[in-house]
Amino acid sequence: MKERDYLFEQFRVDRGCLGYVVADPESRSAAIIDPELEMVEPMLNYVFEHGLRPAYVIDTHTHADHVSGARALKSKTTAKIVMHEKAPASCVDIRVEDGDRLRLGELPIKFIHTPGHAKDLISVMLPGRILSADALLIGSCGRTDLPNGNAVRQYHTLYYIYRALPDELLVYPGHDYNGREHSTLKEEKETNPKMLFDTEEEFVEYMERENPGKLTPVYHLADALKANMV
Ligand SMILES: [Fe+2]
């Protein structure tokens, strides 16, 4: 199956959060990925308009900066919530680990454990695409200074896991602040400054000490974490 052979839709809210709906065109079986609370309505409209049956709601990690719409979607559909096995939330129905797969009819979904921004972060592989969540952003990567972040793990994720994946993969991140929809892994490997550090030590030093000072503070951190861990 190629990237043009299945339904794929990106959803965006003002703060730059990105969510996705993917579906197998034959069986109409769908997965909803990283629904931010404000995306729930538009995502359900899309599902209804396209005659889809949501089988899974996948949260790529325990979000610290916004409230997940996964619980709202679970209550409005028959979809099961999918998260990494380390995710603290008790509403999770299916816990996956590195290399696990699920299927939507003929459409395969593979999970890769890519921690660093969060301990329980999974990237989602689809034919021709990777949904990189906050493990790899366009021209950057997710911060590692929030609870459950770890700069050494993030280095491993970028320099060993992502560098080893094929160049032609289309990269669809969990956030984008510059209005871009996607990038390619080739572009990120060649131009993303977070993928171009010479040593692990320099990367870790930057992520732990220099980066936090340049980032905007996260408002409602405790509230978002609490809501997403239920
Ligand atoms: Fe995040």
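The model is predicted, with local features requiring pLDDT of at least 70, side-chain atom pairs counted only at pLDDT 80 or more, and totals for chains, interfaces and linings using all residues. Residues are numbered from 1 along each chain as its sequence is written, and side-chain values use heavy atoms, with hydrogens and water left out.

**The iron ion**

Next, display the iron ion together with H61, H117 and D134. Its protein donors are H61 (NE2), H117 (NE2) and D134 (OD), at 2.1 to 2.3 Å. Donors are N, O and S atoms within 2.8 Å of the metal (3.2 Å for Na, K and Ca); water is not among the atoms, so sites may look incomplete. Along the chain, the donors follow the spacing H-x55-H-x16-D. Helices (H or I, at least four residues) and strands (E, at least two) are DSSP runs numbered from the N terminus. H117 also counts as buried, at 10% relative accessibility.

Select S68, which is placed in the loop between strand 4 and helix 2. S68 counts as buried at 4% relative accessibility. Its side chain reaches the backbone nitrogen of A70 at 3.0 Å.

Centre the view on A133, found in strand 10. A133 stands opposite P173 in strand 11. A133 has a phi near 50°, a positive value in a residue other than glycine, and counts as buried at 2% relative accessibility. For another such backbone, go to R28, whose phi is positive at about 65° although R28 is not a glycine. R28 lies in the loop between strand 2 (18-23) and strand 3 (29-33) and counts as partly exposed at 27% relative accessibility.

**Cavity and pocket**

On a 1 Å grid over the protein atoms alone, a cavity is a set of points where a 1.4 Å probe fits but cannot get out, and a pocket is an open set with protein on both sides within 12 Å along at least five of seven lines; lining residues have an atom within 4 Å of a point. Grid points are joined across faces, edges and corners, and a volume is the space filled by probe spheres set on the points.

The structure holds one cavity of 30 Å³ or more. The largest cavity contains about 40 Å³ of space, and its lining residues include H61, H63, H66 and D134.

Finally, show the largest pocket, with about 830 Å³ of space. Of its 34 lining residues, those closest to the centre are D65, R143, H175, Y177 and T216. H175 also lines the largest cavity.

Notes:
Buried < 20%, exposed > 50% of the residue type's maximum accessible area, 1.4 Å probe, protein only. Pairing = 2+ DSSP bridges. Polar contact = N/O pair within 3.5 Å; in protein donor to acceptor, adjacent residues only side chain to side chain.
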